[in-house]
Amino acid sequence: AMSIPPPESRKWNRRNSHSSAGSGALNSTSQLDASSASGTGKGGSRRNSMLQTFSSFKGKGTLFSEAEGHSSRSPLRRFLQSLSNVVRYWPETLVFIAAVVASVVSFMLLRDSEYRTADVAFYQQASDRGTVLQWELDRVFGDLETVTAYMNVTPEWKDDGFRERFKNVTSSIIGRSPGTQCLTWVPVVTDMALRTYLEDQQGRQLHLGGSAMQVRNSNGTIERCLYYKDASGNSFCSPAVPAGGPWDAAGAGLHHAWYPAYIVEPVDDRTGFRSSNAPAILFDLSSNALRNESLSRAILTGLPSATARLTLVQETETQFGLIVFYPVHQLLPCPSSSSAAAASASAASSS
């Protein structure tokens, strides 16, 4: 049976055919589906199956094409896509790049500024300390010249009362020189008789002792002998044959000598600013290679000579120091029939 719509309805459908094309297609499809679904026999079932297969194949084909196109995209296309994203978000990208560059530049500028500040501070401190050290060395040389001038005209340094006179001369110098640890008279001792006399004299005046290997028994009295230190820092009495001084090429015992720190001032600093100098008394300066080289150079050249950095014998902590030697040539009395003068080369040292 077929139902025909009234003329008014057909006229309305023609006027709205374009605007209702989508609805018409939907209605036609729905009617087709309905008729297919209500169809009987092999024809209806076949049409229904073909529509479902077409719909399923179309959906799967679309997804498959999209996946295949994504996987087959070349590196150039990916780069262009990334570049297009950058261009699309160029304000944000520009801000990010500017922030990174500003951070790196700021870090480098601050680092360079810190380095320059540290360098300026270091070199300023080094310059100040170098200036102070130069002033101190100039003052030490001036003090040694004063003591040397006194010792040039004082040949009686072996007298019992000389130690007190040396103390009176050097006390004012020590008082104005805080960087000076001590002033020392270092005589040239070439024979065992003079060495024994000096050991007995300091034993009577200072009563200094020491380790078991640093002292000797003199008529029942234990007194410090002229001594040296080994590589381990142990103290021993110096051997009976001298081996120090600038004449080591001549062989031991021929032109060698001992160079003991005989008179040292101050022995004990009452202000507590300096450590005690008692351990240095009668230490043979020529027994140490560094000290022997410097005092030998002073004797041979007649000029002041300083050691390299070293640890003083009397040092109780880890502070370093140096020793400055100034040669003293004393004019000794000679027989009246001779106009020659004998010179005894000794050294005044400051440490």
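**Figure 1. Salt bridge between D143 and R176**. D143, at 6% relative accessibility, counts as buried, a class defined by under 20% relative accessible area, with exposed meaning over 50% and partly exposed lying in between (1.4 Å probe, protein chains only). The structure is a predicted model, in which local features require pLDDT of at least 70 and side-chain atom pairs count only at pLDDT 80 or more, while totals for chains, interfaces and linings use all residues. Residues are numbered from 1 along each chain as its sequence is written, and side-chain values use heavy atoms, with hydrogens and water left out. The partner of D143 in a salt bridge is R176, with 3.3 Å between the closest N and O atoms; a salt bridge is a side-chain nitrogen of Lys or Arg within 4 Å of a carboxyl oxygen of Asp or Glu. Because D143 belongs to helix α5 (residues 90-152) and R176 to the loop between α6 and β1 (183-186), the pair ties together parts that are 33 residues apart in sequence. Helices (H or I, at least four residues) and strands (E, at least two) are DSSP runs, numbered from the N terminus. R176 counts as partly exposed, at 43% relative accessibility. In total, the structure holds 11 salt bridges.

Figure 2. Helix α7 comprises 15 residues (192-206) and should span 21 Å at 1.5 Å a residue, which agrees with the 21 Å between its end C-alpha atoms; the expected span is 1.5 Å times one less than the number of residues. At the start of α7, a side-chain oxygen of D191 comes to within 3.2 Å of the backbone nitrogen of A193. Just after the helix, H207 adopts a positive phi of about 55°. Buried residues of α7 include L194, L198, Q201, Q202 and G203.

**Figure 3. Salt bridges of E199**. At 2% relative accessibility, E199 counts as buried; R195 is buried too. The side chains of E199 and R195 form a salt bridge with an N to O distance of 3.0 Å. These two residues are 4 residues apart in helix α7, and are therefore separated by about one helical turn. E199 also forms a salt bridge with R216, at 2.5 Å from N to O. This second pair links distant parts of the chain, with E199 in helix α7 and R216 in strand β2, 17 residues apart. Through shared partners, salt bridges join R195, E199, D200, R216 and E223 into one network.

**Figure 4. Aromatic cluster of Y150, F162 and F166**. The structure holds 7 aromatic pairs. The ring centres of F162 and F166 are 6.1 Å apart and the planes stand at 45°, so this pair is tilted. Rings of Phe, Tyr and Trp (its six-membered ring) pair if their centres lie within 6.5 Å; planes under 30 degrees apart count as stacked, over 60 as edge-to-face and the rest as tilted. F162 and F166 both belong to helix α6, 4 residues apart, about one turn of the helix. Both F162 and F166 are buried.

**Figure 5. Charges over the rings of W157 and F320**. K158 lies over the face of W157, 4.6 Å from the ring centre. The charged end of R309 sits over the ring of F320, at 3.8 Å from its centre. A charge sits over a ring if NZ of Lys or CZ of Arg is within 6 Å of the ring centre and within 35 degrees of the ring normal.

Definitions and conventions:
A polar contact is a pair of N or O atoms within 3.5 Å; within protein, one must be able to donate a hydrogen and the other to accept it, and residues adjacent in sequence count only if both atoms are side-chain atoms.
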